Amino acid sequence: MTVLLDPTSERSPTIRPRLPRPERLDGLTIGILDIAKSRGDVFLHRLGDRISERGITVKHYAKPTNTRPAPLPLRQQIASEVNLVIEGLSD
Amino acid sequence: MPQNLPHDGLIAIVKRDCPTCELTAPVLGELARRGGLTVYTQDDASFPETVPAPVDDTALDMSHRLQIEVVPTLIRFEGGREVARTYGWDRGEWERLTGIAALGQELPQARPGCGAKNVEPGVLERLKIRFNETGLKSRHIEIGEGEDEQEAMYERGWSDGLPLVPPSEERVLRMLDGTARDPQEVVGLVPPDIAPATVEKVAINAVMAGCKPEYLPVVLAAVEAVLDERFAMHGVLATTGFVGPVVVVNGPIRRRIGMNAKGNALGQGNRANGAIGRALQLVIRNVGGGRPREVDRATLGNPGKYTYCFAEDEEGSSWQPLSVERGVNPDVSAVTVFAGFGLQGVVDQKSRDPESLSRSFAESLKAMQNVKLAPSCDAMLVVSPEHHRTFKNAGWSKARLYEELYRLCEIRGDDLVVGAKGIAEGGPSSLAGKTINKFRPGGLFLVRAGGDAGMFSGIIGGWSAGGPRSSLPITKEVRT
């Protein structure tokens, strides 16, 4: 029998179930996160306007750069202020 | 205190394959006759014949427990404790240790001993494993007799697609001999899992990549460099772009470990170049969990994501090496990591003056990614010796070439706007009438490498806009 040493971090990835989708958007606050990809803001603002027209509260957020994960304070702020988040992943 | 050792008396550890042990055989015989001496023999249970019953230590257990480094070693025990030890043959020392005068009168006064078998390379590692003294913390993965090691490693997802060297405990211990750093020292947190890369985990991946122990300090420096926040390793991994870390090695270690800075420096065929770059990628994959088509979202990627590592050709250069330019002392070894991809060749076989050649370079640089994009990404220009000679002969310093290239990479905004040249890609109409540079200031890096023949340089393209908002090249000194 051969013994090899584990080259990995020996962590099992945590699989977290997604939150259930809300039945209705009425009364909820939707966050829109612009990850700072080129022209993503154009699309996301248009989307925000369309949602606002339906009487739903929208809050806009932006990452300082698309090249790095969102800073922790921003993630915490979003989590504490909205019920749902829409983000644009690419340009 | 280990068992089977005398409460009071002498122990000698010897091997037949040692002229000094042979020399002392008559003395050992005399001490044995007087009583109180036990002789352990490392390689031949009948040696020395002058002693009635030498103890077979060919398994080297006792030698290891007594931490013998040289044979012969003579040790005195009193009251169950070691009180004195001497190595090799030295009449005065042996007389003092045994309390017997006029030992070995026919022998020379002194002779150095030989290396003990238990500390030979490969043997020491096996003994540490047998006695569970490795200090390694990684999980043991048992591969069954009937299982193919390579297939087992593939199945576990450890491979970049090519076969791996199986990371046995012995190999990992030998790899760790390449550094004085504590195996449990954390080099940094590897994205995307933000998992700690200990020196031990890096060593395991270095074994798999095919590294020799002497490469390990370079691998560790490269891992440290990509984990610097400013390099943005998470983004370099996750991007749809082409890039991966490109490793440039400077300083004395290049030659010490046999890296290639000459012909085919960016190609295949050199173990150090290939294995160091591959080890870095395996650390990202295995420790960080960064795998293609998972968090690595590259559209095409590039072949350098298997390995992309080379040495700068500093010898005969009139330019400061990249590391020195970036603040490292010339006699200190260092690695610089650059988020880069591929190689765009710059062929110029006719320019004989620096003005013409720098224009050639600039025109090629301006085409990088897309002629319509500026400022574009950072770039590393690998200048071949024959091209470098043109600048050297004309007295152009590296700083001069940087300045000239920057100036020559100015582009008319009219050529960059959306639709110009019949190409929809491009910048806003507000660029019209302006002058835009292809690079951010400081976004170009010059390195000298390649074979002595050939007027062929190469551009290693960078990532997105370059600079602090994406990835900055990072230089780290190589620590042993």
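B:Gln42 is buried, at 1% relative accessibility; buried here means under 20% relative accessible area, exposed means over 50%, and partly exposed is anything in between, with a 1.4 Å probe and protein chains only. This is a predicted model, so local features need pLDDT of at least 70 and side-chain atom pairs count only at pLDDT 80 or more, while totals for chains, interfaces and linings use all residues. Residues are numbered from 1 along each chain as its sequence is written, chains are lettered from A and ligands numbered from 1 in the order in which they are written, and side-chain values use heavy atoms, with hydrogens and water left out.

Back to that glutamine. B:Gln42 sits in the loop between strand S2 (37-41) and strand S3 (55-56) of chain B; helices (H or I, at least four residues) and strands (E, at least two) are DSSP runs, numbered from the N terminus. What does the side chain of B:Gln42 reach at 2.8 Å? The backbone nitrogen of B:Lys117. The side chain of B:Gln42 also makes a polar contact with the side chain of B:Asn118, at 2.9 Å. A polar contact is a pair of N or O atoms within 3.5 Å; within protein, one must be able to donate a hydrogen and the other to accept it, and residues adjacent in sequence count only if both atoms are side-chain atoms. B:Ala116 is 74 residues from B:Gln42 in sequence, yet the two are 8.1 Å apart in space, C-alpha to C-alpha. Leaving out residues up to four places away in sequence, B:Gln42 touches residues including B:Ile13, B:Asp57 and B:Val71, where contact means heavy atoms within 4.5 Å.

The loop between S2 and S3 of chain B also holds B:Pro48, and the peptide bond from B:Phe47 to B:Pro48 is cis, with omega near -5°. Another cis bond joins B:Pro191 and B:Pro192, with omega about 0°; B:Pro192 is in the loop between strand S11 (186-190) and strand S12 (195-198) of chain B. Most residues other than glycine have a negative phi, and most peptide bonds are trans. On the phi side, look at chain A: A:Glu10 has a positive phi near 60°, and A:Arg39 has one near 65°. A:Glu10 is partly exposed, with a relative accessible area of 30%, and A:Arg39 is exposed, at 64%.

Next stop, B:Thr73, in strand S5 (residues 73-78) of chain B. B:Thr73 is buried, with a relative accessible area of 0%, and its side chain reaches the backbone oxygen of B:Val70 at 2.4 Å. Among its contacts beyond four places in sequence are B:Ile11, B:Ile13 and B:Tyr87.

Now for the nonpolar cores, each a set of buried Ala, Val, Leu, Ile, Met, Phe, Trp, Tyr and Cys residues joined through side-chain atoms within 4.5 Å. The largest has 67 residues, and B:Val202, B:Ile276 and B:Val335 touch the most other members. Apart from it lies another core, of 35 residues, including B:Leu357, B:Phe391, B:Leu444 and B:Ile460.

B:Phe391 leads on to helix H14 (residues 385-393) of chain B, where it is one of the buried residues, along with B:Pro385, B:Glu386, B:His387, B:His388 and B:Thr390. The buried residues of H14(B) pack against, among others, helix H13 (354-366), helix H15 (398-408) and strand S19 (444-448) of chain B. Ring pairs also link B:Phe391 into a cluster with B:Trp319, B:Phe361 and B:Trp396; rings of Phe, Tyr and Trp (its six-membered ring) pair if their centres lie within 6.5 Å, and planes under 30 degrees apart count as stacked, over 60 as edge-to-face and the rest as tilted. After H14(B) comes B:Gly395, with a positive phi near 75°.

Finally, how do the chains meet? 16 residues of chain A are in contact with 37 residues of chain B. Together the chains bury about 2400 Å², 52% of it on carbon and sulfur atoms; buried area is the accessible area (1.4 Å probe) that two parts lose on being put together, summed over both. In chain A, A:Leu4, A:Leu5 and A:Pro7 lose the most area to chain B, together 32% of what that side buries. There are also three salt bridges between chain A and chain B, each a side-chain nitrogen of Lys or Arg within 4 Å of a carboxyl oxygen of Asp or Glu. A:Arg68 forms a salt bridge with B:Glu229, the closest N and O atoms being 3.7 Å apart.
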